[in-house]
Amino acid sequence: MMRRILPLYCAVALFASQNPSTPLPKAVTDCIFCKIVAGTAPSRKVYEDKYVLAFWDIRPRAKVHLLVIPKQHVASLSELDELPVETRAALLSACVRVAKDQGLLENGFRVISNNGKDANQSVFHLHFHVVGGEKLREDAISKDPAGKR
Ligand code: 5GP
Ligand code: ZN
């Protein structure tokens, strides 16, 4: 059995590694966003292309609260260099596109990416929060007064 599967797996891995336009099949099995990409976990999708997916946050904290993610798993912006340049461009374009589709361009919106523990990142698959649809709190940047490292 293994003798049959191993060469097939190696061929797929070799093809993917030699073809930069093919997102690597590196889904992380316990990653909720990889499951959403694979369709094995539900989501309210608003946009999808070859490189990225956008869907509603499960716990929206503004009238509009979407998440834009690369289909390829990387943990955070710290690993941005591991993504093909097409995916990096697609991420930013998708943020603006979904904001436009939600009618946010006129009054404005915020794009946030929490990276690592100081930023309170909770899902370790790179994502951009696109929030708006109402007046947002002025300060989403300063330190947590009760925060300890
Ligand atoms: P972070 O804290 O890492 O910046 O943001 C993670 C976001 O993912 C949170 O806003 C959280 O509500 C959202 N989230 C966590 N699990 C799920 C899920 O299963 N589905 C959706 N749509 N959003 C999720
Ligand atoms: Zn993932």
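1. The chain contains 3 helices and 5 strands, where helices (H or I, at least four residues) and strands (E, at least two) are DSSP runs numbered from the N terminus. From the N terminus on, these elements follow the order α-α-β-β-β-α-β-β. The model is predicted: local features need pLDDT of at least 70, side-chain atom pairs count only at pLDDT 80 or more, and totals for chains, interfaces and linings use all residues. Residues are numbered from 1 along each chain as its sequence is written, while chains are lettered from A and ligands numbered from 1 in the order in which they are written.

2. The 5 strands make up an open sheet in the order E1-E2-E3-E5-E4, with antiparallel pairing; two strands pair if DSSP finds at least two bridges between them. Strand E1 (45-48) and strand E4 (109-112) are the edge strands, each pairing on one side only. On average, neighbouring strands of the sheet are turned by 20° against each other, direction ignored. Axes here are lines fitted to C-alpha atoms, for helices over the stretch in contact, and angles run from 0 to 180 degrees between N-to-C directions.

3. E1 and E2 form a hairpin with 3 residues between them. Their antiparallel pairing comprises 3 bridges, and Tyr47 stands opposite Ala54 in E2. Strand E3 (residues 64-70) pairs with strand E5 (residues 128-132) in the antiparallel sense over 5 bridges; Val64 has Gly132 in E5 as its bridge partner.

4. Helix H3 (residues 85-101) lies across E1, strand E2 (52-56), E3, E4 and E5, and runs at about 160° to E3. Contact between two residues requires that their C-beta atoms, placed from the backbone, lie within 7 Å. Leaving aside neighbours within four places in sequence, Val52 is in contact with several residues, among them Val68, Ile69, Ala90 and Leu91.

5. Of the 149 residues of the chain, 25% count as buried, that is, with 20 or more other C-beta atoms within 10 Å of their own, C-beta atoms being placed from the backbone.

6. Ligand 1 has 13 residues around it, of which Ile58, Arg59, Asn114, Ser122 and Val123 come nearest; a residue is near a molecule if its C-beta atom, placed from the backbone, lies within 6 Å of it.

Key: A residue is buried if 20 or more other C-beta atoms lie within 10 Å of its own, exposed if 12 or fewer, and partly exposed in between; C-beta atoms are placed from the backbone.
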